[in-house]
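Have the sequence and the structure open side by side for this one.

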Amino acid sequence: MYNPTSSKAEEFISHEEVLATLEYAQQNKNNEDLIDNILEKAKRRKGLSHREASVLLACQIEEKNQEIYRLAEQIKKDFYGNRIVLFAPLYISNYCVNGCVYCPYHAQNKHIARKKLTQEEIRTEVMALQDMGHKRLAIEYGEDPEMNPMDYILECIDTIYSIKHKNGAIRRVNVNIAATTVENYRKLAEAGIGTYILFQETYHKESYEKLHPTGPKHNYAYHTEAMDRAMQGGIDDVGLGVLFGLELYKYEFAALLMHAEHLEAVYGVGPHTISVPRIRRADDIDPDVFDNGIDDDIFAKIVACIRVSVPYTGMIVSTRESQQCREKLLHLGVSQVSGGSRTSVGGYAEQEPEDERSEQFEVSDTRSLDEVVKWLMELGYIPSFCTACYREGRTGDRFMELCKNQQIQNCCHPNALMTLKEYLEDYASGETKRLGEDLILKEMEHVSSEKVKRIALGNLQDIEQGKRDFRF
Ligand code: SF4
Ligand code: SF4
């Protein structure tokens with residue numbers, strides 16, 4: 001029944017195959033020879049199968065676990081250097097007809113404030129985000145065909161790209177909307193979106209149906225096959241994710257990698273990103289009622305095992321996680337973080353009154369973007385606002401090809417420095433600016449191509465003179 005090239009959800013995420021994988025991993029969790037072989041394969045940076053990765057996740061040998069962490073850190077450095085890309089979520093509408101039991105936007109929640117931004121309100125929100133320094137957004141909507149139809153979503157994307165305020169610009173809009181039709185995905189692709197993001201929540205069909213008792217999202221197959229339709233509609237970059245805490249993490253982990261294998265097998269390109277959200281407290285939601293919460297150590301191991309299994313896939317961690325937890329995950333494989341996030345509709349322009357709260361979850365890391373940028377630099381990372389690839393047409397298999405042979409570094413590194421320079425010129429506090437200028441000077445020394453270095457140095461001077469938007 002298991003068939004990675006099938007178009008049917010229950011065949012490419014075969015429940016029997018996941019169970020057989022968990023059994024295999026359990027039997028081999030102390031099998032030193034097998035674990036060594038898998039680690040040797042992982043060191044070749046070509047990725048691991050879901051079965052191999054599951055053995056590493058189950059591994060109980062402390063010394064081998066330390067090796068997994070070291071390898072994850074090394075692979076992270078090889079593929080992403082010390083750069084961390086920054087983005088912010090933008091909640092546009094929390095009207096939703098679904099009944100997801102872990103989300104405060106579920107249709108039965110009558111006491112959360114329901115909001116949908118007008119184009120004018122989007123302008124205000126986007127200008128607030130631009131004034132923070134953001135260049136890359138992930139826009140979020142509940143599923144409601146009447147309140148949030150596709151035309152409205154397309155209009156919002158258009159509005160966001162059109163706003164030029166001071167030196168600000170949103171250069172990449174990633175979109176997180178409910179599973180939809182090929183035709184609608186085509187419209188999104190034509191609107192110039194970056195990544196299409198859709199979290200699976202859980203791959204366990206039975207649990208999925210219980211957790212989504214009402215609304216169109218109840219349909220497991222339609223939801224799970226969404227990325228196929230997105231790719232058929234011309235969207236090259238898709239972002240996967242599960243909501244850890246809903247089901248057993250080992251199950252989710254194996255199935256998530258099977259999903260990645262399916263996309264690779266059918267479309268020749270795996271997921272552009274993988275997100276690793278954990279369930280959080282919110283209005284009408286108590287995370288403690290879900291039995292499958294994972295602690296920080298298991299969470300770190302999941303991130304490390306994803307890193308060694310799909311080395312070329314970006315990994316995202318949001319402000320759901322605390323500063324301390326994010327710090328740990330950065331070492332192990334995370335390549336993108338959000339900063340200064342608000343998870344409510346209209347939350348950037350104005351703080352919401354207590355009785356009109358509309359946030360999707362409580363943010364754990366509440367620092368401003370400037371504080372996050374400074375923190376990253378103090379930890380030795382280069383905060384990057386780069387959005388070059390999709391604007392240069394480096395998407396899908398073209399992007400993956402550059403990524404897999406590690407050539408993408410030649411673009412990412414100077415782009416990170418140039419976009420950081422823009423941030424320092426336009427938005428940074430004095431202390432952040434001082435740290436950033438030193439970092440750029442130091443990092444320019446590591447640009448290996450003399451030609452690229454010369455061009456980048458010229459661009460950095462031009463940025464000081466007020467010019468913007470350079471990229472390789
Ligand atoms: Fe609606 Fe998404 Fe929340 Fe489900 S998770 S209730 S689909 S906004
Ligand atoms: Fe991302 Fe491409 Fe920029 Fe690198 S060059 S940071 S891969 S957008």
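How many aromatic pairs does the count come to? By the rule used here, six aromatic pairs; rings of Phe, Tyr and Trp (its six-membered ring) pair if their centres lie within 6.5 Å, with planes under 30 degrees apart called stacked, over 60 edge-to-face and the rest tilted. Before looking at them, some housekeeping: this is a predicted model, in which local features need pLDDT of at least 70 and side-chain atom pairs count only at pLDDT 80 or more, while totals for chains, interfaces and linings use all residues. Residues are numbered from 1 along each chain as its sequence is written, chains are lettered from A and ligands numbered from 1 in the order in which they are written, and side-chain values use heavy atoms, with hydrogens and water left out.

Take Tyr141 and Tyr152. Their ring centres are 6.1 Å apart and the planes sit at 85°, so this pair is edge-to-face. Tyr141 belongs to strand E2 (residues 136-141) and Tyr152 to helix H7 (residues 150-162), so the pair ties together parts eleven residues apart in sequence. Helices (H or I, at least four residues) and strands (E, at least two) are DSSP runs, numbered from the N terminus. Both tyrosines, Tyr141 and Tyr152, are buried, where buried means under 20% relative accessible area, exposed over 50%, and partly exposed in between (1.4 Å probe, protein chains only).

Now compare Phe385 and Tyr423, which are stacked: 5.1 Å centre to centre, with 10° between the planes. Phe385 is in the loop between strand E9 (382-384) and helix H16 (388-391), and Tyr423 is in helix H18 (residues 409-426), so this pair ties together parts 38 residues apart in sequence. Phe385 is buried at a relative accessible area of 2%, and Tyr423 counts as buried at 2% too. Ring pairs also bring in Tyr427, linking Phe385, Tyr423 and Tyr427 into a cluster.

On to the core. In soluble globular proteins, nonpolar side chains tend to be buried together. Here the largest nonpolar core has 150 residues, and Ile92, Ile160 and Leu188 have the most contacts inside it. A core in this sense is a set of buried Ala, Val, Leu, Ile, Met, Phe, Trp, Tyr and Cys residues joined through side-chain atoms within 4.5 Å. Helix H12 (residues 249-267) supplies the largest share of this core, nine residues. A second, separate core has five residues, including Ala138, Ile197, Phe199 and Ile316.

Cys103 is buried, with a relative accessible area of 11%.

Cys156, for one, is in no disulfide, and the nearest cysteine sulfur, that of Cys96, is 16 Å away. Cys156 is buried, at 0% relative accessible area.

Last, the backbone. Arg45 is not a glycine, yet its phi is positive, about 60°. Arg45 lies in the loop between helix H3 (32-43) and helix H4 (50-58) and counts as buried at 17% relative accessibility. Asp469 also has a positive phi, near 70°, in the segment after helix H20 (450-464); at 28% relative accessibility, Asp469 counts as partly exposed.

Methods:
A disulfide is a pair of cysteine sulfur atoms within 2.5 Å.
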